[in-house]
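Here is a quick tour for anyone meeting this structure for the first time. Have a look at it, then read on.

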Amino acid sequence: MRLLILGGTAFLGHAIASRALARGHVVTCAARGSAPVPDGAAFVRVDRDEPQGLAPLAGVRCDAIVDISRTPRHVERAVRDLDAGHWVFVSTTNVYARFDRREQREDAVLLDEVDDLDDPSDYGRAKVTCERIVREASASATVVRPGLIAGPGDATSRSGYYPWRFANPTGDDVLVPAGPDFPTAMIDVDDLAAWIVDAAERRLDGVFNATGPTMPLGEVMRHAAAASGSTAAPRWVDPSHLGAHGIAPWMGARSLPLWIDDPQWRWFATLDTTAARAEGLVTRPVAETLARCLAYEKGRPRPHDGDASRAGLSDDEERDLRAALDGAA
């Protein structure tokens, strides 16, 4: 199979390219070139912000195309200018209109589309629009709606913070949000990549949720501690205290991931993946993914130092929060 990946240089795109190469496919990655492509893949530099930005791909032949874009205009131009027998579009769980129920199916209500095809800022609505454009193309299409993508290469540290923090505790415990029953789910990047390549090979037509089994946060913490060999215990902090001390949920600087302090978003991470599993999706144990996350985090410089793109607390931030909580108690 000749596979064209619009992207292919970072995290999921890189993993898809690597898996496709391992299966013996001919892979071309088209991107701006901010990171290297896997060994064995061809690279074509494109600028999708330009009206004719895909022109360098005019001579590239492909059997399937994988697109990860969040900008509807980019997807519209790709469908217009590129020809393939099958498309795989990587969407997101953010396309759903509500998250106050467990494990939504693919037929749940979606957000409205965006009005401006050039504006990707409303992530969920933009992805809804991208999905529609791909599904209206003449070729067959796999639309994949992943939950939290975890594992090596997760630059946001949403999946890697807790294994790293248990390995580097600032006290006898690790500060953790909400409570041990808070619902979580994640999918290893390599499991998702493998299934996407399989979908391209089979020209699988349809819309599919993709994540791991729903798991309480307490169990995730147990696996995170075990991955690091830590004896630190999780210390469950009431969300009201976290908000009072400026600790954000889910992602970004000065945050605690895997949690959202809004009952309407309680089940955000969970998805019904029955359809994808019936079509061959296999996910590894969370314990294995968290161990892989820890190895990745150990190789990164100055982890969790307040970088606005990375989830978690720096050492000083966690110490300050613990001191404030102890003082209040």
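Predicted model: local features only at pLDDT ≥ 70, side-chain atom pairs only at ≥ 80, totals over all residues.

Residues are numbered from 1 along each chain as its sequence is written, and side-chain values use heavy atoms, with hydrogens and water left out.

Let's start with the helix pair. Helices (H or I, at least four residues) and strands (E, at least two) are DSSP runs, numbered from the N terminus. The axes of H1 (residues 11-22) and H5 (residues 189-202) come within 8 Å and cross at roughly 55°. That makes H1 oblique to H5; oblique is what remains once angles under 35 degrees (roughly parallel), over 145 (roughly antiparallel) and 65 to 115 (roughly perpendicular) are set aside. The crossing of H1 and H5 is right-handed. On the H1 side, the contact (heavy atoms within 4.5 Å) involves Phe11, Leu12, Ala15, Ile16, Arg19 and Ala20. H5 brings in Val189, Asp190, Leu192, Ala193, Ala194, Ile196 and Val197. Sorted by class, that contact has eleven nonpolar, no polar and two charged residues.

Next comes H2 (residues 72-81), whose buried residues (under 20% relative accessible area) are Pro72, His74, Val75, Arg77 and Ala78. They pack against strands E1 (2-6), E4 (64-67) and E5 (86-90), and against helix H3 (123-135).

Now for the two single residues. Asn209 sits in strand E11 (residues 206-210), while Glu113 is in the loop between E5 and H3. Are they buried or exposed? Asn209 counts as buried because its relative accessibility is 0%. Glu113 has 29%, so it counts as partly exposed, a label for values between 20% and 50%.

| Residue | Partner | Distance |
|---|---|---|
| Glu113 (side chain) | Arg132 (side chain) | 3.0 Å |

The Glu113 pair is a polar contact, meaning N or O atoms within 3.5 Å, one able to donate a hydrogen and the other to accept it.

Leaving out residues up to four places away in sequence, Asn209 touches several others, among them Tyr96, Arg145 and Asp272. Counted that way, Glu113 touches Arg125, Val128, Thr129 and Arg132. The C-alpha atoms of Glu113 and Val128 are separated by 5.8 Å, with the two residues 15 apart along the chain.

Key: Axes fitted to C-alpha atoms, helices over the stretch in contact; angles between N-to-C directions. Left-handed = near helix turned anticlockwise from the far one by under 90°. Nonpolar A, V, L, I, M, F, W, Y, C, P; charged D, E, K, R; others polar. Buried < 20%, exposed > 50% of the residue type's maximum accessible area, 1.4 Å probe, protein only.
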